[in-house]
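Please have the sequence and the model open while I talk.

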Amino acid sequence: MAVVLRLQRIGKRVQPHYRIVAIEKTSGPHGEPLEVLGHYDPKADKDKAKVTIDAEKVERWVKNGAKPSETVGSLIKRANKAAAKVEEPAKAAEKK
């Protein structure tokens, strides 16, 4: 059973919205995912609102051998950068 992390479209024709899912590689585009890991809204205004990912779930799947698609890999990096930017001001405020 080869598991991949990929996008699964759930939006309307002119309102794209995607789920980031762990799914078997042989499943079709509308197959039942093993687990939903997050969401991607390309039409959102802010980067923070565009990508929401549960990092713990993603890390667990990758450790178990799941391979992210190219797009999901870049979304994970984007979400990690956004999370790091949010944490930096919070840490600076705690030090004061």
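This is a predicted model: local features need pLDDT of at least 70, side-chain atom pairs count only at pLDDT 80 or more; totals for chains, interfaces and linings use all residues.

Let me begin with the overall layout. The chain has 3 helices and 5 strands, and if you read along the sequence, these elements follow the pattern β-β-β-α-β-α-β-α. Of the 96 residues in the chain, buried residues make up 29%. The accessible surface comes to about 7,100 Å², and carbon and sulfur atoms account for 51% of that surface. As for how the chain meets itself, among contacts between residues at least 6 apart in sequence, 34% join residues that are at least 24 apart.

Now to the residue I would like you to find, which is Glu-35, in strand 3. Is Glu-35 buried or exposed? Its relative accessibility is 18%, under the 20% limit, and therefore Glu-35 counts as buried.

In general, side chains of opposite charge can pair when their charged atoms come close. How many salt bridges does the structure hold? There are 3 of them, and I will take them in turn.

In one of them, the side chain of Glu-35 meets that of Arg-60, with 2.6 Å from N to O. Because Glu-35 lies in strand 3 and Arg-60 in helix 2, this pair ties together parts that are 25 residues apart in sequence. Arg-60 itself is partly exposed, with a relative accessible area of 41%.

In another, Glu-35 meets the side chain of Lys-57, here with 3.6 Å from N to O. This pair, too, links distant parts of the chain, since Lys-57 sits in helix 2, which covers residues 55–63, while Glu-35 sits in strand 3, residues 35–40, and the two are 22 residues apart. Lys-57, at 26% relative accessibility, counts as partly exposed.

The remaining salt bridge joins Glu-59 and Lys-63, whose closest N and O atoms are 3.4 Å apart. These two residues are 4 residues apart in helix 2, so they are separated by about one helical turn. Glu-59 is partly exposed at 46%, whereas Lys-63, at 64%, counts as exposed. Coming back to the other two bridges, shared partners join Glu-35, Lys-57 and Arg-60 into one network.

Ala-22 lies in strand 2, residues 18–24, and it is buried, with a relative accessible area of 0%. Again setting aside residues up to four places away in sequence, Ala-22 touches Val-3, Val-4, Leu-5, Pro-33, Leu-34, Glu-35, Leu-37 and Trp-61. Ala-22 and Lys-57 are 35 residues apart along the chain, and their C-alpha atoms are separated by 9.5 Å.

I will stop there and leave the model on the screen.

Note on methods:
Residues are numbered from 1 along each chain as its sequence is written. Side-chain values use heavy atoms; hydrogens and water are left out. A salt bridge is a side-chain nitrogen of Lys or Arg within 4 Å of a carboxyl oxygen of Asp or Glu. Buried means under 20% relative accessible area, exposed over 50%, partly exposed in between (1.4 Å probe, protein chains only). Contact means heavy atoms within 4.5 Å. Accessible areas come from the Shrake-Rupley method with a 1.4 Å probe; for residues, only the protein chains shown count as cover.
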